[in-house]
Amino acid sequence: MPDPTAPARAMRLGVAGPVGTGKSSLIATICRQLAGSLSLAVVTNDIYTDEDARFLKAAGVLDPERIRPVETGACPHTAIRDDVTVNLLAAEDLEADFAPVDIVLIESGGDNLTATFSPALVDVQIFVLDVAGGGDVVRKGGPGIARADLLVINKTDLGPFVDVDVDRMIAEGRQVRGDRPVLGVSRKDPSSITALEQWVRDCLASFRSGRHVPVDPGPMAPHSHSDGTVHTHADGTVHAHGHEHAHQH
């Protein structure tokens, strides 16, 4: 008998961070690690192009039909936080076209340190920094650095070449995030890739159990679904799904 508390849709995993930190490469890595055992799909966001979608399709990490671009036409933060409808519809279309889908990864366009996903769009979010951006970036702070489900310090192998103390950067991330995880990642470090894969699998297990509660770094954005349902959550109401429980945002 199906678990009545299990979510009826895919887990949506958001990946945000400044330009050039390796968000697309990180998503490609996750796809390579998981596509053999899970059904995946990807939504990318760029302002005026489909550059990130074309990168992932060229990388051959998924069936190209499972990778769909969104051109925001404005600051990417608008489409992942302020009005998430265009991204939500893209995710729901992928889930319908390739059902059952286990995880839809949603990549934000490169933004500044204020970018975070609305919990109306994603269940879990990663914020990505890289060592080439400077060792002081963590100290500059921001909601994604402080409150995303996972902070990734990417391209750790570049630390000696850009005079960045990677261990210090990771330690400062842990200091500002309390008990939330920080992970140093390099495509040349297999153990870091394994740790990233395990984190995603653990999130999926928690989501499927019905116990996962999305982190809300700020106020909920108004949005609508493909069935015409409109939510604002301005009064703190819960976000109902097609099953017998609801998630508090």
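## A chain and its helix H7

Of the chain's 249 residues, 54% count as buried. The model is predicted. The chain holds 8 helices and 11 strands. Contacts with a separation of 6 or more were counted, and 76% of them join residues 24 or more positions apart. The chain exposes about 11,000 Å², with carbon and sulfur atoms supplying 52% of that area.

### Cysteines

How many disulfides does a search of the whole structure find? The search finds 0.

| Residue | Relative accessibility | Class |
|---|---|---|
| Cys31 | 0% | buried |
| Cys203 | 12% | buried |

Both values are under 20%, so they count as buried.

### Helix H7

Helix H7 covers residues 166-177. Its 12 residues should span 16 Å at 1.5 Å a residue. The end C-alpha atoms are 17 Å apart, which agrees.

Which residues of H7 are buried? They are Val166, Met169, Ile170, Glu172, Gly173 and Arg177. Seen down the axis, these buried residues fall within an arc of 160°, so they line one face of H7. In general, an α-helix has 3.6 residues a turn, so residues three or four places apart point the same way. The face turned away from the buried side carries exposed Asp167 and Gln175.

What covers the buried residues of H7? The cover includes strands E5 (124-130), E6 (150-154) and E7 (182-185). It also includes helices H5 (137-140) and H6 (143-147).

Now the two ends. Asp165 caps the N-terminal end of H7, with a side-chain oxygen 3.2 Å from the backbone nitrogen of Asp167. Gly178 follows H7, and its phi is positive, near 65°.

Conventions. Residues are numbered from 1 along each chain as its sequence is written. This is a predicted model: local features need pLDDT of at least 70, side-chain atom pairs count only at pLDDT 80 or more; totals for chains, interfaces and linings use all residues. Side-chain values use heavy atoms; hydrogens and water are left out. A disulfide is a pair of cysteine sulfur atoms within 2.5 Å. Buried means under 20% relative accessible area, exposed over 50%, partly exposed in between (1.4 Å probe, protein chains only). Helices (H or I, at least four residues) and strands (E, at least two) are DSSP runs, numbered from the N terminus. Contact means heavy atoms within 4.5 Å. Accessible areas come from the Shrake-Rupley method with a 1.4 Å probe; for residues, only the protein chains shown count as cover. The expected span of a helix is 1.5 Å times one less than its number of residues. The arc is that of the directions from the helix axis to the C-beta atoms. A polar contact is a pair of N or O atoms within 3.5 Å; within protein, one must be able to donate a hydrogen and the other to accept it, and residues adjacent in sequence count only if both atoms are side-chain atoms.
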